[in-house]
Each structure stands twice: as C-alpha cells, then as structure tokens.
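Here is a short briefing to read beside the model. Look at one chain, then at how the two chains meet.

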There are 2 protein chains.
Amino acid sequence: MKVGILGSGTVGRTIGGKLAECGHDVFVGSREPGKLKEWLAGLKGRVQAGTLAEAARHGEIVFNCTAGAGSLDALRVAGEGSLANKVLVDVANPLDFSKGMPPTLLVCNTDSLGEQIQRSFPRTRVVKALNTMNALLMVDPAQLAGGEHDLFLCGNDDGAKRQVTELLKKEFGWKSVIDLGDIGAARGMEMSLPFWLRLYGVYQSPAFNYRIVR
Amino acid sequence: MKVGILGSGTVGRTIGGKLAECGHDVFVGSREPGKLKEWLAGLKGRVQAGTLAEAARHGEIVFNCTAGAGSLDALRVAGEGSLANKVLVDVANPLDFSKGMPPTLLVCNTDSLGEQIQRSFPRTRVVKALNTMNALLMVDPAQLAGGEHDLFLCGNDDGAKRQVTELLKKEFGWKSVIDLGDIGAARGMEMSLPFWLRLYGVYQSPAFNYRIVR
C-alpha cells in the first residue's frame, strides 16, 4: 500500500521504517527533507522522502507523526485536498514543553487534538491511535509479555477504524486493539499522557504498556 | 485503628464498611448524617456516623470520599486542625457533571485536586489513591484476575505512603501498589478519568482495571 508519513522524528521514522520493511511503498514528508539524507541512505532506497505535501499526495493512508503543537499547521501545509477521503492515523500528542518538564497539554478536558484535526479536515477519516506508548513499542508489541497488552484507537468512521486495526494487527503484530468509540475519545487518550510520563519516571524506561484486566 | 470517612456516598460506604468488617473503629461523616440511618442499621452498630467534623476528629487516618467538586469545602468544614498531622487518603475526582455527560474535570493539566488539597492543608499528609477505579474494586481487587492488576498512589510523605500501602495490601488485598511519586502525580491520576469512562462505555461495566505490562 502507498503510505504517507507526515513528520520525520522518531515516531515517523519508526513507523515509516517498519511499514517499508513490511513491503509498503512509504513516503516520509518533512518540513526539512534535506535532514533525512543520512537516515534514507541507511534504508537503501526502501523509503522515499520529500515535503509534507508530497507525502500527503503519495499516501493512500497517511500517518500524522508531527509534533502535536504543530500538527494542525503541518496538516494544512500537507494539504486539505490531498488528505480528503483518506484515512489519517493521528499519533500525535499536543504536548507543550515550553514551560519546562513535565510537559502540559495544549488542549484537553473539553477538546483534544484528535477532535481539532477531525473538525479542521472534515473530509478526512481521522483515527486516533498509538499515541499512548513509546515509538519502539508501537511497531513491536511482542517485545513485552508476548504482546499480551492493549492498543487503543478511536474515530468517527468504522471502516477507517477497521482498516487501521487490520494494519496494526497484520504489520505490527498487535493482538488486542480496543475501539474506544468516536473521535471524542481522543480526549481521554491524550489526557492519559501525564499518567504515562509518571510511570516512565518510576520505571526509568518507556518499555511498558497497559493491559486491561477484566 | 480509628478511621474517619468523609463522605457517605458509595465510595465512603464501601471503604468504611470494609474497614469496619476488618475490625477497625470507623466513623463516617456526612453533611446530612440523618440520611445514613438505614445503612447504619444494616451494619448493626459496627460503624458510627455523624458530622464531617466528628469524623475528622475521630480518625487517626482519614479518607476523603466526598464528591470532588465539593471536597475542598467539605475538608474545611471537617476542620484543618482535626486533619493536621494525619494521613488523608484522597479518593476524590474533581468531576464536573454540570455540563452533562461525559463529565469534564474542574481542575487538570496544570494542577489537580490532590495538589489543591495538599496546598490548602499543609499540615496534613495527603496520599492520592484509589481514584482510578470503581468503589467495589477498591476494597476487593481479588474479584478480577486473582488480583493481578495495579493500584496507584502518590504523595509528598513517604511514611504516609508506606502506611497507606500497608493498609491497602493487608485489609483490601492489593498485591501491587505503585508509587507514582510526589502529589503532582495526582494530575495524571485524575486526568486518566476520561479514558476510564470510555473503557466503562466499551465494557458496559466498571469491573476492570489496569495492569502495567513490562
């Protein structure tokens, strides 16, 4: 499948690299594609890179891996038209590091980044997913407890959620994908970040995840 | 031990009832103690009830089980002096139901109810705990997966956290109590509520909890 990755930080590189490894046609978009030369060289041509707009045009499915504070801007640069009628997997968290550590959220409680994106790009089928964990875990759940832990997603379009669920299971190996409902659940998913950051502090490692026990 | 319970809703009754069952000397404080007659009659004298101030005076350890929106007021009525030098287990969530469902939080992101309480009652040793789950689960973790799931707490006083941890393990049967650090972690614990509420919606039952997988 043609995959567009918006953002070339750790998350974008990890997801893009893994999907290329799985045989997908991956295009990573960045505000500064020149900076990706070394990374691309290491991948021996398996991934293309260019602008955000090129990545959005390329993808049949697009991942928002930009920093949450700049996601709405980056998506506008990527192009509303290029994102129309496509599934956009929103992995970003609206973290504000400007006031020091720990970061706070730029939006929460009565709104969320996921909802803002869906409202700003009404023709795009937004699925919030993968934002509740470390990048390495996103693409390799088996590294913990044989993969016996949970990934959460939400969005307004059931078909989009089914497609993303299949991709996450097939390519990344997720055993359990829990659908939290409409895009309003992005609020809870993003607001769980301060809790995650405390656990990170306790374990001094981001290699952990939640399992819902019933 | 002499235990004071502030608040006589489901949480206060559940925790108070369980600790009385364990042999503790429990006093439940309410703004309207007259309403507790029927409940007290069912307990055959094992629990006393009266005002918030009486409960605060009675307890060597005190549980804040009041509704979060009114907790600061209720604790002032209970009496700063009576709460001084005592451990206060803060179980409350600052939920705002006034704008309909789902509730939002009255304070979050840059502050929390747990922090507000600790700042307002500096002589009290506040431990935030038990707010991330349903009342029945608080006192009976064994009902799920043989108790193999996690309870979280935080606070500025290590001795207070040790005492609360021991109580939770011994009387309620918790196997895993995770210390998230100082009272600032109350932010993450309270902000996890919207996520919890979505899971509640998915399962149509509050009988679930988190297990951290590493």
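This is a predicted model: local features need pLDDT of at least 70, side-chain atom pairs count only at pLDDT 80 or more; totals for chains, interfaces and linings use all residues.

Residues are numbered from 1 along each chain as its sequence is written, while chains are lettered from A and ligands numbered from 1 in the order in which they are written.

**One chain**
- Chain A has 10 helices and 11 strands (DSSP runs of H or I, at least four residues, and of E, at least two, numbered from the N terminus).
- Its C-alpha atoms fill a box of roughly 40 × 40 × 35 Å along the principal axes.
- Buried residues make up 49% of the 214 residues in chain A (buried means 20 or more other C-beta atoms within 10 Å of a residue's own, with C-beta atoms placed from the backbone).

**Symmetry**
- A rotation of 180° with 0.0 Å of shift along its axis superposes chain B on chain A, with RMSD 0.0 Å (least squares on C-alpha atoms of residues with pLDDT of at least 70 in both).
- The two copies are thus related as by a two-fold rotation axis.

**Contact**
- Chain B and chain A each bring 34 residues to the contact (C-beta atoms, placed from the backbone, within 7 Å).
- On the chain B side, α10(B) gives the most, with 8 residues.
- 100% of the interface residues of chain B are also interface residues in chain A, so the copies meet through the same surface.

**Strand pairing**
- Strand β11 (residues 209–213) of chain A runs antiparallel to β11(B), joined by 5 bridges (pairing needs at least two DSSP bridges).
- A:Tyr210 has B:Ile212 as its bridge partner in β11(B).

How values were computed. Two residues are in contact if their C-beta atoms, placed from the backbone, lie within 7 Å. A residue is buried if 20 or more other C-beta atoms lie within 10 Å of its own, exposed if 12 or fewer, and partly exposed in between; C-beta atoms are placed from the backbone.
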